[in-house]
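Q: I have a model open beside its sequence, and I would like to learn how to read it step by step. Could we begin with the chain as a whole and then move to its parts?

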Amino acid sequence: MNDGAVRSAGRVLDLFQGARLTPTQRRIAHCLVEHAAKAAYLSAAEVADLAGVSQPSVTRFAMALGYSGYPALRRELRELTVDEPGLPAEQNPMQRAVHAETEHLRRLGEQLHDLGDVRRAAALLIGSRPLPVLGLRAAAPLAAYFGYFAAKVFPGVRVLDEGGTSLLDRLDQARADGAGAMLAMVLPRYPRESVEAVREARAAGLAVVAITDSAISPVAEHADVVLPAAVGTQLVFDLHTGPMAMAMVLLQAMCDAAPEPVQRRLEEFEATAARRHVFLA
């Protein structure tokens, strides 16, 4: 490969960083990297023929990466395979990791062009009293962050961030108290207890909204609505910038769906915080 082709293949490869792919999807990804410049101008059927898979597999692959379909992924591939001599030839590992996160956020922004799933998730969650929010291990800080702000405007938010034998008991209690839905944060390496808790929630009749790293996450098949947001995998520990942004987008959608009670509770909180001198500014 010439230098431009190498850079193009490298940028396409970066596109799949953090994605958990099935064997068939890995074959498609490998094909797109190996034939980066050519594949960017092929149809889904032509890519399928080149990779030796079915055309629906190519469509599902694009959707698993967060795109609306293969045409949207192809547009991205065309941008990535145009040589850009103005870019620095070398970046250190920290720069590459941060750059990958900006790419994840850009793709998330494109994904949010269609807010249908986000609004559907918000409608399910605002109707649940109480509202259990599941997040174990690496997802626990994300669940706590979401729960901290959600509790200011929605009553009955219960963060489930500890596993063990009491987790399912707390889930049963939430259902007995009237919960109709659960928000589950499930991030790599996908704790077994998280997936089991989602299964139990569905079996108990709860609707499940999942924030996870991709549409092919192990929790996706058990959720009513999946909100995928890629995680960064170029450092020793994953970066969760994308899932954090998705969580706050979801909370905004919940607030937008119930503006009057949300505004009233925010004003009550601000009045109480001022009376108690909670904040310095």
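A: Let us start with burial: in this predicted model, buried residues make up 44% of the 281 residues in the chain. The C-alpha trace spans about 65 × 45 × 35 Å along its principal axes, and the chain holds 13 helices and five strands. As for contacts between residues at least 6 apart in sequence, 71% of them join residues at least 24 apart.

Q: How should I read the sheet, and what is the order of its strands?

A: In general, the strands of a sheet pair through backbone hydrogen bonds, and the pairing may be parallel or antiparallel. Here five strands form an open sheet in the order β2-β1-β3-β4-β5, and the pairing is parallel. The edges are β2 (157-160) and β5, each of which pairs on one side only, and from one strand to the next the twist averages 15°.

Q: How many bridges join β1 to β2, and which residue of β2 stands opposite V133?

A: Strand β1, residues 131-135, is joined to β2 by four bridges, the two strands running parallel, and V133 stands opposite V159 of β2.

Q: Which helices pack on this sheet, and which strands do they touch?

A: One of them is helix α8 (residues 116-126), which touches β1, β3 (181-186), β4 and β5, and whose direction makes about 125° with that of β5. Another is helix α9 (residues 140-153), which touches β1, β2 and β3, its direction making about 170° with that of β2.

Q: Where is S217 placed, and what does its side chain contact?

A: S217 lies in the loop between β4 and β5, and because its relative accessibility is 4%, S217 counts as buried. Its side chain makes a polar contact of 2.8 Å with the side chain of T212. When residues up to four places away in sequence are not counted, S217 touches Y190 and T212.

Q: Turning to a helix pair, at what angle do α2 and α4 pack, and which residues meet there?

A: An angle of 65 to 115 degrees counts as roughly perpendicular. Helix α2 (residues 23-34) and helix α4 (residues 44-51) pack at about 100°, with their axes 9 Å apart, and the two helices are therefore roughly perpendicular to each other. From α2, R27, I28, C31 and L32 meet V47, L50 and A51 of α4; by class, this contact has six nonpolar residues, no polar ones and one charged residue.

Notes:
Residues numbered from 1 in each chain as written. Predicted model: local features only at pLDDT ≥ 70, side-chain atom pairs only at ≥ 80, totals over all residues. Heavy atoms only, no water. Pairing = 2+ DSSP bridges. Axes fitted to C-alpha atoms, helices over the stretch in contact; angles between N-to-C directions. Contact = heavy atoms within 4.5 Å. Parallel < 35°, antiparallel > 145°, perpendicular 65-115°, else oblique. Nonpolar A, V, L, I, M, F, W, Y, C, P; charged D, E, K, R; others polar. Buried < 20%, exposed > 50% of the residue type's maximum accessible area, 1.4 Å probe, protein only. Polar contact = N/O pair within 3.5 Å; in protein donor to acceptor, adjacent residues only side chain to side chain.
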